[in-house]
Structures are given as structure tokens and as C-alpha cells.
Amino acid sequence: GERRGEPNLRILRRMATAGERAHGVVAQPTNPKYRLVHIGFTSPGGPTHNVDKNACGYRYDSIGICNGVINAGASCERLQYDPTDPARMAEELGRYDGYIVRINPGQLSRPGVPTGAQQVFDELMDSFVHAGKPVWSSPQVQKSMGAKDALVRINRMACGLPDTLAYYTPEEFRTNFVKTAAFQPRVIKQNRGSAGEGIWLCWLVDKPHCEKFGDAELRVGDRLKLMEMNDEHVEYHTVGEFMEFCVNGPDDVAKAGTWHSVFPGKYLTGQGSHLVDQRLMPRIAEGEVRMLMVRDQLFQIIHKKPKADGGMSAVGGNNVPTFYKPDAPEFAGLREKFIKEDVPRLLEVMELQDQPLPLLWTADFIPMDSDEFPGGTVYKVGEFNCSCVGVSKFMASAKGGVIEDVSDEDYWEGMRLCDLIGKQVVEAMDTHWAALQKEIAGHPDRGGG
């Protein structure tokens with residue numbers, strides 16, 4: 001079931017074939033190569049909590065993604081997950097060959113959603129993975145690649161920094177931060193959030209850094225200059241006050257001092273909580289370089305320069321983007337190392353060898369001076385994102401809009417990305433099922449269905 005207001009599907013199919021704009025999901029193929037499903041969810045609370053939805057209640061880029069898969073010869077239906085009836089959902093979803101999960105993180109944990117709905121959904125997706133069906137992206141992939149400590153896992157790869165650490169306990173944080181901050185300016189990142197909250201740039205005040213890591217340790221009374229990346233406000237605190245804020249929050253003023261952050265600290269509280277300690281790369285002021293990936297294919301390079309003159313943050317809407325084709329010569333070195341050297345090893349270092357690469361994901365890089373080649377530039381990953389990355393060219397149809405709100409230029413550029421997504425889905429399914437059939441043939445006792 002498509003929802004009300006959706007145009008006639010046969011007409012849409014003819015229009016898409018003729019190279020005209022589609023105004024909804026086109027008719028499914030009569031004999032699809034595979035059956036895919038696009039899984040969405042409408043959060044309780046109305047439009048305020050569903051800014052990623054169009055007027056019909058679906059994700060704003062769902063039309064493009066489904067049509068891209070259909071154009072590649074598979075079927076792709078939209079299904080809105082109902083957390084009040086997980087048994088029915090399991091039965092309905094079990095009929096498909098593969099799954100494209102397009103539910104924003106946190107939506108299944110909102111007030112009004114049945115308690116534990118996110119865990120139930122994750123377990124359902126995991127059951128499909130264990131049954132040999134591809135899920136883009138599985139809970140394990142989203143947690144491993146989306147977590148900030150992914151930066152620690154890649155610290156020996158070309159795109160990583162070897163002095164990147166993760167802290168899971170207050171003791172680890174207090175023991176090691178005094179060493180790392182004595183050596184280099186740092187970036188301390190909490191695991192939660194994506195708009196720069198709880199990401200602190202840390203500089204020493206009135207004290208030089210030591211030359212080699214481990215040569216010195218800071219004292220709790222040493223002073224730090226701190227900038228939070230969500231709004232770039234600056235605070236000055238002692239090392240002890242900063243560690244107290246990160247661990248216990250600002251409530252004990254005698255220990256934490258007075259804070260102006262609108263967020264409460266306590267970054268090591270809650271399941272999965274941790275802090276990542278990474279070297280501050282001062283050339284971040286030049287902006288970040290985002291690689292927009294479709295599985296292992298580079299679709300586009302985006303240079304995100306901070307809006308503010310002299311600003312350090314390009315997160316959220318705080319940037320002016322410049323778009324480059326994937327073969328842009330300006331980023332030839334980065335492309336060569338990341339696509340050819342790092343991407344093939346990424347799932348291995350994340351301990352996700354049995355999982356497919358995310359369908360649509362990004363890697364954000366920060367430039368820094370090369371240690372090997374004077375005057376040269378290298379790029380290091382500051383963040384991965386594989387949780388419901390959007391097809392931004394369709395953004396005009398979000399917040400209750402319709403696909404007709406998208407300009408022709410944006411529509412066709414969006415479909416160029418969605419058609420690549422569709423091709424990559426079918427290619428991945430081909431590879432997956434060929435491997436599965438080979439395994440079954442080698443073990444006749446397992447049966448072939």
C-alpha cells in the first residue's frame with residue numbers, strides 16, 4: 001500500500017521510461033530480479049518530530065531511492081514500520097530479499113513509542129542478517145561505523161591518526177587526557193549527537209606542549225582554552241574542571257567551575273557512552289572534505305568551509321559547500337589512498353567482515369600538513385556517518401512538501417545518485433546470492449530452499 005495522493009503507478013512507469021520526472025514511486029517490475037523494501041517510520045508528535053517526511057508521511061528521498069532500485073531491475077516497496085505490532089511486521093518483512101533501513105536514529109526511542117521498540121527492531125534486522133539477507137545498514141554496522149570510537153579502530157590506516165584514543169571509564173579519561181593534552185592540542189568528542197554538541201577543542205593556556213608524547217603530564221590546575229563546536233563559544237577552565245564536567249556535569253561548581261554550555265556534560269553516562277580523544281588539526285579552519293559514498297563507489301566530493309570568518313566548525317548548517325566530481329584533481333591523493341587502500345579494509349578493522357558496506361554513507365576528512373612531504377597535505381577522517389544519510393537534492397520535499405517542490409535541476413541530480421544506489425543494490429545482491437548459492441552447494445546438508 002502506497003498512501004493517498006500517490007499518482008497512477010502505470011503512468012509513472014511510462015513517464016520514467018520516457019525520461020520524464022516521476023511524481024511518486026513507479027510501478028514495480030513484473031518479474032523483479034530481487035524484492036527490496038524501503039523501511040521507514042513516522043514518529044509520534046506530528047510534523048515537529050518528522051521533519052524528514054513528505055506530505056504523504058514518507059521520507060523525503062524515498063521516492064528517488066525506490067525508483068533507483070526499480071530502474072535497476074529489482075522491486076522496491078515502501079513500508080512504514082509499526083512498533084505496536086512487531087509480529088505482523090516480522091511476517092510482512094520476512095517476504096523480502098533485502099532491506100533498506102531509512103529510520104533516523106532515535107525515532108524509535110521517542111516518547112509515545114512502545115518501550116524497547118528500538119531493540120525489538122534491531123533484533124528483527126539482525127535476524128534477517130543471520131538468515132543471509134542483506135540489510136543496509138544493520139544495527140551492528142550503524143553502531144560500529146557511526147560511533148566515535150571508529151576513529152580509534154582506523155588509527156593505523158592512512159586515513160587515521162595513531163594518537164587517537166577512546167575512554168570508556170572516568171579512570172581511563174583522567175589517566176590519559178593529561179598526557180595527550182600535554183603533547184598536542186586535542187579534540188574531545190562524546191559519542192552522542194551530530195551537531196557538534198559535546199565536541200570540545202582544547203588548547204593549553206600559558207604553557208608549552210612537550211615535544212614527545214609521554215614526556216609530560218598536565219596538572220589539574222593547568223588552564224585550558226575550550227571551544228564547543230555546536231556554537232563555537234569559548235570557555236576557560238582548569239584541567240580538573242574540564243574532566244569533572246565531562247564525567248559528572250556542571251552541578252558541583254566547586255569542582256567543575258561555572259559553565260556556559262547549553263549541554264550538561266556527563267559524557268560517560270549511559271549505555272555505549274565513551275569519549276574519543278583525537279589530535280586537533282588546526283587546518284580544520286579551511287573546512288572539511290566530505291566523501292559521499294555509495295557502497296565502495298565515490299559519488300561526490302564536498303568541501304564544507306565554515307560560514308564564520310575564522311570559524312572552526314562546519315557541522316550542521318554552519319558551512320558553505322562546494323561540490324566536486326569524484327575525479328576532481330584537487331583531491332586525487334585523498335581519493336587514491338582512501339578508495340584504493342582504506343575502503344577495502346574498512347569492514348575488517350571494524351570487525352564487520354560478514355556485513356555489507358553501507359549503501360549511502362559519508363566520510364568527513366580534515367586537512368593537515370604532511371609529516372613525510374614538507375609543504376604537502378594529507379587528510380584524516382574526523383567522522384563517519386552511515387545512519388540514514390539523506391539525498392539532499394530532494395530536501396525541498398521534506399517538512400510536509402511534495403516531490404514537485406524539487407527543482408528540475410535538483411531532481412535529476414538526485415536521481416543520478418539514486419540510480420547509482422539502485423545499481424549498487426542489485427550488484428551487491430548478485431554478489432551476495434552467488435556466494436550464498438556457492439556455500440549451499442558446498443554443504444548439501446544445509447539445503448537450498
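What order do the six strands of the open sheet have? The order is 5-10-6-7-8-9, with antiparallel pairing, where two strands pair if DSSP finds at least two bridges between them. This is a predicted model, in which local features need pLDDT of at least 70, side-chain atom pairs count only at pLDDT 80 or more, and totals for chains, interfaces and linings use all residues. Residues are numbered from 1 along each chain as its sequence is written, and side-chain values use heavy atoms, leaving out hydrogens and water.

- Strand 8 (residues 223-228) pairs with strand 9 in the antiparallel sense over five bridges, and Met-227 stands opposite Val-234 in strand 9.

**The two helices**
- The axes of helix 7 (residues 170-183) and helix 8 (residues 239-248) come within 11 Å and cross at roughly 155 degrees, where axes are lines fitted to C-alpha atoms, for helices over the stretch in contact, and angles run from 0 to 180 degrees between N-to-C directions.
- That makes helix 7 roughly antiparallel to helix 8, a label used for angles over 145 degrees.

**Helix against sheet**
- Helix 8 lies across strand 6, strand 7, strand 8, strand 9 and strand 10, with contact meaning heavy atoms within 4.5 Å, and runs at about 110 degrees to strand 9.

Key. Helix = DSSP H or I, 4+ residues; strand = E, 2+ residues; numbered from the N terminus. Parallel < 35°, antiparallel > 145°, perpendicular 65-115°, else oblique.
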